[in-house]
Amino acid sequence: MTRPVTTLTRLMATAAIAAGTLAGTAAQADVTLVMSSWLPPRHPIVVNAMKPWAREIADVTEGRVAVRVLAKPLGAPPAHYDMARDGVADITYGLHSFTTDDRFERSRIGQFSFIGDDAVSGSTAFWNVYTGMLDAEAEHEGTQLLGLFVHGPGVLHNNVRKIESVEDIEGLKIRTPGGYIADLMEDLGATTLFMSSGEVYEKLSRGVIDGVTFTYEALTAFNLTDDLQYTMRVPGGLYNTTWFLVMNGDKWAEISEVDQEAIMSISGEAFATRVGEAWNAADEAALEEIREAGIEIHDAPAPLLDQIRSRAATYEQQWADMIAEDGFDGTAALEAMRGQTGVAF
């Protein structure tokens, strides 16, 4: 009769110890933050940038601040900035171009053509120039700006024909993420459609769209290789997308100054490098799968490249004139950004 009691006692003791350990872990965090993540859980940026950064916050704050990354997002991708600002989630990330108003007007600097050939130099330059010369914090009012970044050079993929002239672009139905590339593709003759990344597979496989403006890694991340035939690239990227990583302003104020400094030590430019490295590695891995799938990768011919460059210059000047009204020198900012990425326009 004693053995069952002894076994039960041991089980109760083990449970008590486990409960005490969990309680102790929770008690160590003065502030627990919830991060809404909308990219697929296995996306390389989530696995190799977002989650490692979130875990490291606990390390640099000695457990006083903890971040819980949700398995499912709290809202649609375009809503994520407002979700952080309004306190629906404590931390979010997303694309500036998903927000259709003009609150991120100066972020457009990172979306232009010929910005950079890799995500590390592009992301660090974007952080440095946007925060340093273009007052990024003012455009992210209501939040604490933790990170800014871009992906690798954006390219044009389609399943209709090899793009060798502007005429080859005319009439194609192309998904874009909005922003500058939507304007540019329409100017080149395409019909553009906006949709989130997760919607592309269905639309492409059903023939609703003919192609996409995407990175290399997106083709494998969203299972698009079977439905595409051609990929056209340009030096420095046909376009890019600009991304934010932000925290609700009131939640940030709950964190001590010491821990704020610790968090920023792994954010900002350090985070730009981290996410850039993740994106570069993902692009390199994706290129192998793209070639194995038989997709033809080719460079834009010189005459087409000249036409893209001419149109890009027009959009850049319009943007520079627009932000000049608020006292910002867009031309100098673009020169600084390209100087840091090493791309000659």
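Q: Is Tyr-81 buried or exposed?
A: Buried means under 20% relative accessible area, exposed over 50%, and partly exposed in between, with a 1.4 Å probe and protein chains only. Tyr-81 has a relative accessible area of 2%, so Tyr-81 is buried. This is a predicted model, in which local features need pLDDT of at least 70 and side-chain atom pairs count only at pLDDT 80 or more, while totals for chains, interfaces and linings use all residues. Residues are numbered from 1 along each chain as its sequence is written, and side-chain values use heavy atoms, with hydrogens and water left out.

Q: How many aromatic pairs does the structure hold?
A: A pair of aromatic rings is described by the distance of the centres and the angle of the planes. Rings of Phe, Tyr and Trp (its six-membered ring) pair if their centres lie within 6.5 Å; planes under 30 degrees apart count as stacked, over 60 as edge-to-face and the rest as tilted. The structure holds 17 such pairs. In one of them, the ring centres of Tyr-81 and Phe-104 are 5.0 Å apart and the planes stand at 85°, so this pair is edge-to-face.

Q: Which parts does the pair of Tyr-81 and Phe-104 tie together?
A: Helices (H or I, at least four residues) and strands (E, at least two) are DSSP runs, numbered from the N terminus. Tyr-81 belongs to helix H3 (residues 80-86) and Phe-104 to the loop between E3 and helix H4 (119-132), so the pair joins parts that are 23 residues apart in sequence. Phe-104 has 6% relative accessibility and counts as buried.

Q: What kind of pair do Phe-149 and Trp-279 form?
A: Their pair is tilted, with 6.1 Å from centre to centre and 45° between the planes. Phe-149 is in strand E4 (residues 143-150) and Trp-279 in helix H12 (residues 268-292), 130 residues apart. Both residues are buried. They also belong to one aromatic cluster, whose members include Trp-38, Trp-53 and Tyr-93.

Q: Which residues touch the most other members of the largest nonpolar core?
A: A nonpolar core is a set of buried Ala, Val, Leu, Ile, Met, Phe, Trp, Tyr and Cys residues joined through side-chain atoms within 4.5 Å. The largest one has 50 residues, and Trp-53, Tyr-93 and Leu-245 touch the most other members. Apart from this core lies another, of 49 residues, among them Leu-148 and Phe-244.

Q: Why is strand E3 described as largely enclosed?
A: Five of the five residues of E3 (residues 91-95) are buried, so the rest of the structure largely encloses this strand. Ile-91, Tyr-93 and Leu-95 are on one side, with Thr-92 and Gly-94 on the other.

Q: In which sense do E3 and strand E10 pair?
A: Two strands pair if DSSP finds at least two bridges between them. E3 and E10 (residues 242-248) pair in the antiparallel sense over five bridges. Within this pairing, Ile-91 stands opposite Met-247 in E10.

Q: In which sense do E1 and strand E2 pair?
A: E1 and E2 (residues 65-69) pair in the parallel sense, over five bridges. Arg-68 in E2 is the bridge partner of Val-34. Four of the five residues of E1 (residues 31-35) are buried.

Q: Which residues does Ser-196 touch?
A: Contact means heavy atoms within 4.5 Å. Leaving out residues up to four places away in sequence, Ser-196 touches Pro-77, Phe-98 and Arg-175. Ser-196 is in the loop between strand E7 (191-194) and helix H8 (200-205).
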